[in-house]
Amino acid sequence: MATGQKLMRAVRVFEFGGPEVLKLQSDVARPIPKNHQVLIKVHACGVNPVETYIRSGTYSRLPPLPYTPGSDVAGVIEAVGDNVSAFKKGDRVFTTGTVSGGYAEYAVAADHMVYSLPEKLDFKQGAAIGIPYFTAYRALFHSARAKAGETVLVHGASGGVGIATCQIARAYGLRVLGTAGTEKGQNIVLQNGAHEVFNHKDVNYIDEIKKSVGDKGINVIIEMLSNVNLSNDLKLLSHGGRVIIVGSRGPIEINPRDTMTKESSIIGVSLFSSSTEEFQQSAAALQAGMETGWLKPVIGSQYPLEKVAQAHENIIHGSGTAGKMILLTC
């Protein structure tokens, strides 16, 4: 290692596997920003389910080993590389992606993946914006083409993407229904844009949703756990309804006939298939939400870097999600 190289603490993954492969090291070289990159002193980093799939080696796109997980960081610009004009040292920012990994005290990000963080939001809230809010906006408007006046069901509405979807949909004039599995989660969903909420652990909750929407059905369903819910989702849709798949943890058997008479659609979402223009559209809409006040991330469980393995265990196997899970780096 070069003399004078600055070091930092960072989580490293040397082999794919369970949460135990997440190793916190204190002698990792601090990254240096290159052309069109910035170095961020990380205050908080969001934990997303996709990071557990990558760590386990089951995701479709895997990074070369070793690597540091994490994409959604919030913090302060420490240094800028060449040809960076939008940011300077000391700026408060959040990201939708990093080059070096976010589970660390410092992270490098491309300048086009970095956004200003308003003073009204703290760093924990900043770390909760990235993947959840950009995914929610893409699901609602780039994928579902949702319109004001339509009804949207957010299945699994108490997590990071779910809360973001409720807030955005309500702000854009949709009728918002949500599901959650705990009383705390249901209250959070109601407080963040949903007109009605249902407990998806109740045996007859599907019937309750049908009773609420009547014969017309639901125009858009944003689905976080399609391997459990997709078959029921198809029965809840209106004519021309759309199920937007944000998350799935395995296969499910469905009856394609459920899509035929309603001419309904099943559409998958991958945030990082977004074009540069689509990212810019999402960013502009979300920036407006921050300015006007409807974009308010709800923070759930918080963990220090030392507890990263526990965070990965809990985000998949926890008893009920309520807000966005965050790693604190300082």
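This is a predicted model: local features need pLDDT of at least 70, side-chain atom pairs count only at pLDDT 80 or more; totals for chains, interfaces and linings use all residues.
Residues are numbered from 1 along each chain as its sequence is written.

The protein chain is divided into domain 1 (7–128 + 297–328) and domain 2 (132–272), with bounds taken from an automatic or database domain assignment. Taken over C-alpha atoms, the centres of the two domains are separated by 28 Å. Their contact (heavy atoms within 4.5 Å) takes 19 residues from domain 1 and 17 residues from domain 2.

In soluble globular proteins, nonpolar side chains tend to be buried together. A nonpolar core is here a set of buried Ala, Val, Leu, Ile, Met, Phe, Trp, Tyr and Cys residues joined through side-chain atoms within 4.5 Å; buried means under 20% relative accessible area, exposed over 50% and partly exposed in between, with a 1.4 Å probe and protein chains only. The largest such core has 50 residues, and Ile 129, Phe 134 and Val 152 have the most contacts inside it. Among the elements that each supply at least two of its residues are α3 (130–143), β8 (151–155) and α4 (160–171). Helices (H or I, at least four residues) and strands (E, at least two) are DSSP runs, numbered from the N terminus. The largest share of this core, 8 residues, comes from α3, and at least three residues are drawn from each of domain 1 and domain 2. Leaving aside neighbours within four places in sequence, Val 152 is in contact with residues including Leu 140, Ala 169 and Ile 222. A second, separate core of 27 residues includes Val 13, Val 42, Cys 45 and Ile 315.

Helices α3 and α4 pack at an angle of about 55°, with their axes 8 Å apart. Axes are lines fitted to C-alpha atoms, for helices over the stretch in contact, and angles run from 0 to 180 degrees between N-to-C directions. The angle makes α3 oblique to α4; angles under 35 degrees count as roughly parallel, over 145 as roughly antiparallel, 65 to 115 as roughly perpendicular and the rest as oblique.

Helix α1 (residues 49–56) and helix α10 (residues 308–317) pack at about 115°, with axes 9 Å apart, which makes α1 roughly perpendicular to α10. The residues in contact include Tyr 53 of α1 and Ile 315 of α10.

How values were computed: Side-chain values use heavy atoms; hydrogens and water are left out.
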